[in-house]
Amino acid sequence: ILEYLEDCRTRLHQIAFSDEERERLEAQYETQKTAAIALAKELSEQRKAASKQFISQVKGELAFLNMPGIAFETEIQRVPLNHMGCDKLQFLVSANKGEPPKPMSKIASGGELSRIMLAIKTVLSGKDKVDTLIFDEVDTGISGAAANKVGQKLKQVSQNRQVLCITHLAQIACFADHHLYIHKSTAGSSTTSQVEALDQEGRIQEIMRMTGGTNQSQSARENARELLAM
């Protein structure tokens, strides 16, 4: 009953002094809006300053991942004040020399997108709060030394979070802490997918298959062992 009485008194006060309360709230709104705009502009300047270092580091990672000719930029546009400040940000990319950078979401292929994301996550390693990263087609259009470098970067990023990577390249698969073999089987009119966790011998067999196909020679086995030993 006492709580109800206090609630009624509060509501009565709001009704009796509604004009004064409106003026107070409007003044408070204007004060806080001015402060928010000032903070948003400060945040914008910090973003612009950080952007230069961020672009330089991402380009360095992309060069390591055999994408040295790619143009990578950040575009910062002023927009009305919102919960993220007063900026709209997007990444601009040009994969071909001579072409102007365009929004990454519109021109990058699946493989390029995966490697760009890998470069970004390497730069941000230890700073963002993403617990799990999933990379698909990260090995598209690469092989040999480039694939080995991608594997190294995936391993580096996995030190701070869980990384799931779908790959067809042994040079990448050999860096994994756990190797899962995914395959399909058909029985009658139905098809099912199985996921099999491989032990050390299973990993050797799968690495042999990925590198040599049907070649099951002793040299192929030793090559698989050497890849895993890296």
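Residue I134 touches M117 and L164 when residues up to four places away in sequence are not counted, where contact means that heavy atoms lie within 4.5 Å. The place of I134 is in strand β4, and strands here are DSSP runs of E with at least two residues, while helices are DSSP runs of H or I with at least four residues, both numbered from the N terminus. I134 is called exposed because its relative accessible area is 56%; in this scheme exposed means over 50%, buried means under 20% and partly exposed lies in between, with a 1.4 Å probe and protein chains only. Although I134 and C165 are 31 residues apart along the chain, their C-alpha atoms are separated by 5.8 Å.

This is a predicted model, in which local features need pLDDT of at least 70 and side-chain atom pairs count only at pLDDT 80 or more, whereas totals for chains, interfaces and linings use all residues. Residues are numbered from 1 along each chain as its sequence is written, and side-chain values use heavy atoms, with hydrogens and water left out.

**Two helices and their spans**

The table sets two helices side by side, with the expected span taken as 1.5 Å times one less than the number of residues.

| Helix | Residues | Number of residues | First to last C-alpha | Expected span |
|---|---|---|---|---|
| α2 | 18–64 | 47 residues | 65 Å | 69 Å |
| α7 | 200–212 | 13 residues | 18 Å | 18 Å |

Helix α2 has a kink of about 25° centred on S51, where the bend at a residue is the angle between axes fitted to the seven residues ending there and the seven starting there. S51 is also among the buried residues of α2, which include A40, S44, R47, F54 and I55. Just after α2, residue N66 takes a positive phi of about 65°.

Strands of a sheet pair through backbone hydrogen bonds, either parallel or antiparallel; here two strands are said to pair if DSSP finds at least two bridges between them. Nine bridges join β1 to β2 (residues 85–94), and a hairpin joins β1 to β2 through two residues. Within this pairing, the bridge partner of E75 is Q90 in β2, and Q77 stands opposite K88 in β2.

**The nonpolar cores**

In soluble globular proteins, nonpolar side chains tend to be buried together. A nonpolar core is a set of buried Ala, Val, Leu, Ile, Met, Phe, Trp, Tyr and Cys residues joined through side-chain atoms within 4.5 Å. The largest such core has 26 residues, of which V58, L62, F72, I116, L118 and V150 touch the most other members. At least two residues of this core come from each of α2, α4, β4 (132–136) and α5 (144–157). Leaving out residues up to four places away in sequence, L118 touches L65, F135, V138, V150, K153, L154 and V157. A second, separate core of 12 residues includes A173, I204, M210 and A224.

Residue K121 is found in helix α4 (residues 110–123), and K121 counts as buried because its relative accessibility is 14%. Apart from neighbours within four places in sequence, K121 is in contact with D128, V130, L133 and V157.

**Around α7 and H179**

The buried residues of α7 are G202, R203, I204, E206, I207, M208 and M210, and what covers them includes α6 (170–173), β6 (180–187) and α8 (218–229). Residue H179 has its place in the loop between α6 and β6, and H179 counts as buried because its relative accessibility is 10%. Neighbours within four places in sequence aside, the contacts of H179 are A173, E196, A197, L198, R203, E206, I207 and M210.

**A residue of α1**

Another histidine, H13, lies in helix α1 (residues 2–16). H13 counts as partly exposed because its relative accessibility is 46%. From C-alpha to C-alpha, H13 and G144 are 77 Å apart in space, and in sequence they are 131 residues apart.
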